[in-house]
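Biologist: I am new to this structure. Please take me through one part of it closely.

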Amino acid sequence: MSVEGFPQNCSILMAESYNSSSITLSVACFNGNSPITEYRLRFKKRADTWTQRTVKTNSTMATSVELVLSDLEAYTQYDVQVIAGNRHGYDSGRDAYSKVVTVRTAEGAPSKPQRTQFSFIPPKSLRVTWEEPVEANGVITHYNVRYRRLGENGSVTELLNISVSQLVVMIHNVTYGSSYLFEIQAVTVKPGPFANVTALVEPFTPSTPRDVSVMPVSATSVSVRWSEPISPNGIILYYTIWYGTTTSNRKTVRVSAASTSHNVTELSPYTTYNITVTATNNAKKGNQSEHGQAVSVRTLSSAPEAPSLPREDSLLTSSSTVSFIPPAISAAHGPVKYVDIVVSLRQKDGSLTGEYTAARYSYGHYEDMIAGRRISLGTGHSTTDAEGMSYTDMTLQPATQYTIYMQVVPRGDGLALRSVRSLPFSNTFQRCTSKSATV
């Protein structure tokens, strides 16, 4: 007759992992001459404490069985022991458990990559980085990265296979002001879930427009041309032309982004302007490029201003002379070459009999020696201009009506500018005395 007792001498004959969350054990035990009713498994990761789990079986006299230890972590090494029990219980001896068997669960899908980040690399690149998953659940062989520009049709612009040693991807020629969705997936024997990051390509300050050139068009306008910036760093919204005689009094004119030239108008004649061009793109704050080197240009000359009238009370007449104090002449609209004094002889009915230039002065001589000083006409003196032309101040006749003009002859800068006369000095001196020259 057999004597019953506790099951003894358990051993794990084989331990295999067929999936990432379980281990299959082939166990053999002496049954103690009584049907084994359950097995007690204890297991642990190498650095942990033991965890115990009981597996019930149908009462059987069989001395070997296949057990499955489930709900484990993927690609993790476990130490496993087993002990069998029957109706008498378990052997409580010190060496009742089987010898420790070490086995690793199979690889599984990794968790998401961590700390996905992006950065913009000028002029038009995006750099995306990430860290390894918290749970690799196996040996990561590579990373799948897919990305697309949001708002475009289709789910994937491009699928990239990235080496495990990189943890970084660069894409180039991105579009300013657009968002890109990146999806990053770690792969072992199977792919894990995707980690997502959305990268917004923020526009920033464009570079300065290039090749700025300026040409005078007229006395009041200049033509400005330029080339678009090398790095727009966004969508150019418009250009701004800055112009002025000094930096403190600059004006601006805005030009459409579709154009790279513009005529600036309403300028002053024969005036030097400093001109720069800036570009503004579609950044949140409308980033404006830096000012480049100012280009200087001078508008062309215009017809000079008409000379102002001498004061009426400065006009004096005698039977053969007229004297007055001539005014200063403005050269603001362009260089003045000569200042002329022109005399017209008229009949008593006012009809023109003749006209001559009584005197011609260079502008510098006139301003230095003539303007503001009393001069007389009818003296018979002569003047000669730079070209050698002579002008005689003829003797005036008594009781004769004369009309006197001031005339400005411009030097010009390639334009056919016309001389400009003053108005007649006065109509109030038609008859000063019966024997005097009148004006």
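Biologist: How many residues lie between E3 and E4 in the hairpin that they form?

Modeller: Five residues lie between E3 and E4 in their hairpin. First, some ground rules. This is a predicted model, in which local features need pLDDT of at least 70, side-chain atom pairs count only at pLDDT 80 or more, and totals for chains, interfaces and linings use all residues. Residues are numbered from 1 along each chain as its sequence is written, and side-chain values use heavy atoms, with hydrogens and water left out.

Strand E3 covers residues 36-45, and strand E4 covers residues 51-60. A strand is a DSSP run of at least two residues, numbered from the N terminus. E3 and E4 run antiparallel and are joined by seven bridges. Two strands pair if DSSP finds at least two bridges between them.

Next, follow E3 to Phe-43. Phe-43 lies in strand E3. Its ring pairs with the ring of Tyr-78. Rings of Phe, Tyr and Trp (its six-membered ring) pair if their centres lie within 6.5 Å; planes under 30 degrees apart are stacked, over 60 edge-to-face, the rest tilted. Phe-43 and Tyr-78 are edge-to-face, with 6.2 Å between centres and 65° between planes. Six aromatic pairs are counted by this rule. Tyr-78 sits in strand E6 (residues 77-86), so its pairing with Phe-43 ties together parts that are 35 residues apart in sequence. Both Phe-43 and Tyr-78 are buried. Buried means under 20% relative accessible area, exposed over 50%, partly exposed in between (1.4 Å probe, protein chains only).

The loop between E2 and E3 holds Asn-33. Asn-33 has a positive phi of about 60°, although it is not a glycine. Its relative accessibility is 28%, so Asn-33 counts as partly exposed. Asn-137 belongs to another loop, between strand E10 (125-131) and strand E11 (142-149). At 18% relative accessibility, Asn-137 counts as buried.

Strand E2 spans residues 22-30. Eight of its nine residues are buried, so E2 is largely enclosed by the rest of the structure. In a regular strand the side chains alternate between the two faces of the sheet.

What does E2 pair with? One partner is strand E1 (residues 8-19), which runs antiparallel to E2 and is joined to it by seven bridges. E1 and E2 form a hairpin with two residues between them. Here Glu-16 stands opposite Thr-24 in E2. Strand E5 (residues 64-69) also pairs with E2, over six bridges and in the antiparallel sense. Leu-25 marks that pairing, standing opposite Leu-67 in E5.

The E3 and E4 hairpin has five residues between its strands, while the E1 and E2 hairpin has two. Phe-43 ties E3 to Tyr-78 in E6. Asn-33 sits in the loop that leads from E2 to E3.

Notes. Helix = DSSP H or I, 4+ residues; strand = E, 2+ residues; numbered from the N terminus.
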